[in-house]
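This briefing concerns a predicted model. The points below are grouped by topic and may be read alongside the sequence and coordinates.

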Number of protein chains: 2
Amino acid sequence: MKIGFIGLGIMGTPMAGHLLNAGHELFVFDRAGRPESLSSATLCANSREVTERADVVIIMVPDTPHVRAVLFDENGVFDALKPGQLVIDMSSISPIATKDFAHRVREKGAEYVDGPVSGGEVGAKQASLSIMAGGSESAFERARPLFELMGKNITHVGEAGDGQTAKIANQIIVALNIEAVAEALVFASKAGADPAKVRNALMGGFASSRVLEVHGDRMVKRTFDPGFRIELHQKDLNNALESARALKIGLPATAMCQQLFSTCAANGGSAWDHSALIRAIELLSAHEIG
Amino acid sequence: MKIGFIGLGIMGTPMAGHLLNAGHELFVFDRAGRPESLSSATLCANSREVTERADVVIIMVPDTPHVRAVLFDENGVFDALKPGQLVIDMSSISPIATKDFAHRVREKGAEYVDGPVSGGEVGAKQASLSIMAGGSESAFERARPLFELMGKNITHVGEAGDGQTAKIANQIIVALNIEAVAEALVFASKAGADPAKVRNALMGGFASSRVLEVHGDRMVKRTFDPGFRIELHQKDLNNALESARALKIGLPATAMCQQLFSTCAANGGSAWDHSALIRAIELLSAHEIG
């Protein structure tokens, strides 16, 4: 199949590579050019040319304004979009903006699927990403074989935008679960217990979670190399809180977590792993658990 | 062995029953008398008589003031405590008070183990409680065979008080994980997605937890019968926040969760299951997910 791929960053490059390895013909664009590993893909001049030459266009860029620009700026996807084409946005962006983008794409007779991922750079390289998809049944079924080349746990959540909504729900839970483990371990340590032993005692019970397992271990071992950078989680919580404001939803703990991530950023931690949120709680108590 | 058991409530009665069934001689006391199921245990007049007649004294009462009264009031444990005796407090109370109680008990030449439990009434009946224990190695080894008659997942966390510290850490994490799932599902629902599908999409990924599995399901199905009552979780968070104040620890999300539980209580929800914390988030957004 002729596939367009726009956005060749840390995530996009290995994801596009899997499509290429599966025998698809790739037409790619990124402002920074084409990485060496994708030398057998055709480099296009802009997103419009990608859309002119491919049947399906996949987008993997950082945030809502970047997707908007790829779609609607001069020489963007929209200029060349034809009826029957399929646009798949795998970026993690606003679900509200996504519903608008999908509406405009469908007005041209094309289809739109949002398929944000979780699993990070490792998941992108190993083709083991979790993909949360939104769109019509027919559009999702067209996208599914491509998703299966890039990920493993693929869920059709609902209509266009619902994939982005699920991704935000995921990021809210992960952030607040990190906060939960951070407050618990700071409490345990300052009360005189060994935080590693407390963590062990809690695994397997009602407090158990992937975050207690993975991020709790990082907190105890003080290994805050990403992983997933705080500045990226801040971007996701910003989409959560902006959407919440537009939708009239009160999310008090999510808002607080965002402020604690900002506290980390204020201390030079934008690129720390998000488990380093515990450092903000440690600052509040003038106490380090490690 | 001659075992004393003080506190024959919903938890204490089945726990004492397991000791009786294992062939131990039981000396019991509770202000409300002796339940029918423990008719072969010897009912004592007060905690002092229990301590006079038993080698090991187990306490299972609601909160810190009750343990203090059992130990130190007139006709309490302390009046009769002899060198070599073992006091095991399985109530969920303050770790700071516990360290003081243990100190005073050891000054009399006796030993002290704190062994708060998680697993609730079902765990107590099935002898499948998780037990987080604090105390010296020798005291813990004396208590272990009795713990094994009442629970399954038994961890020696550290010194006296550390069992209570681990229990509080557990309750902090469970409360904040409930908050996490509540904010995520209210967001998902109000953004137009199906919260049941979003929950399914997130299971197995980094957002996965026992709370997403068990309490998330209750939120989606609107089944808020306890389970674990909000007023009990409030008691545990009160111990967390009082201890945190004494220890000079800032726990912002734990404090917020306590306020949201109070919001549920204000709406008649003291006896709702703690997963009904989502109702406070729903109130904030004037939106019900079910």
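Ala286(A) is exposed, with a relative accessible area of 74%. This residue belongs to the segment after helix H13 (277–285) of chain A, and its phi is positive, at about 45°, although it is not a glycine.

**Backbone geometry**

- Most residues other than glycine have a negative phi, and most peptide bonds are trans.
- Asn75(B) lies in the loop between helix H3 (64–72) and helix H4 (77–80) of chain B, where the residue is partly exposed, with a relative accessible area of 26%.
- In chain A, the peptide bond joining Pro226(A) and Gly227(A) is cis, with omega about 5°. Gly227(A) is placed in the loop between helix H10 (210–221) and helix H11 (230–247) of that chain.
- In chain B, a cis peptide bond joins Pro226(B) and Gly227(B), with omega about 10°. Gly227(B) sits in the loop between H10 and H11 of chain B.

**Helix H13 of chain B**

- Ile278(B), Ala280(B), Ile281(B), Glu282(B) and Ser285(B) are buried in H13(B).
- The buried residues of H13(B) pack against H8, H10 and H12 of chain B, and also against helix H12 (252–266) of chain A.

**Extent and composition of the interface**

- The size of an interface is often given as the accessible area lost when the parts come together.
- Between chain B and chain A, about 5,000 Å² is buried, and carbon and sulfur atoms give 69% of that area. On the chain B side, Phe187(B), Phe206(B) and Arg210(B) lose the most area to chain A, together 16% of what that side buries.
- The contact involves 61 residues from chain B and 61 residues from chain A.
- Several elements of chain B each supply at least two residues of the side that touches chain A, among them helix H5 (95–107), strand E9 (151–158), helix H9 (195–202) and helix H11 (230–247). The largest share of that side, 20 residues, comes from H8(B).
- The residues of the side of chain B that touches chain A comprise 38 nonpolar, 15 polar and 8 charged.

**Relation of the two copies**

- Two copies of a chain are related by a rotation about an axis and a shift along it.
- Chain B is superposed on chain A by a rotation of 180° with 0.0 Å of shift along its axis, at an RMSD of 0.1 Å. That is the relation of a two-fold axis.
- In chain B, the C-alpha nearest the axis belongs to Ser209(B) and lies 1.9 Å from it.
- The copies meet through the same surface, because 100% of the interface residues of chain B are also interface residues in chain A.

Note on methods. Residues are numbered from 1 along each chain as its sequence is written. Chains are lettered from A and ligands numbered from 1 in the order in which they are written. This is a predicted model: local features need pLDDT of at least 70, side-chain atom pairs count only at pLDDT 80 or more; totals for chains, interfaces and linings use all residues. Side-chain values use heavy atoms; hydrogens and water are left out. Contact means heavy atoms within 4.5 Å. Buried area is the accessible area (1.4 Å probe) that two parts lose on being put together, summed over both. Helices (H or I, at least four residues) and strands (E, at least two) are DSSP runs, numbered from the N terminus. Ala, Val, Leu, Ile, Met, Phe, Trp, Tyr, Cys and Pro count as nonpolar, Asp, Glu, Lys and Arg as charged, and the others, Gly among them, as polar. Copies are superposed by least squares on the C-alpha atoms of residues with pLDDT of at least 70 in both. Buried means under 20% relative accessible area, exposed over 50%, partly exposed in between (1.4 Å probe, protein chains only).
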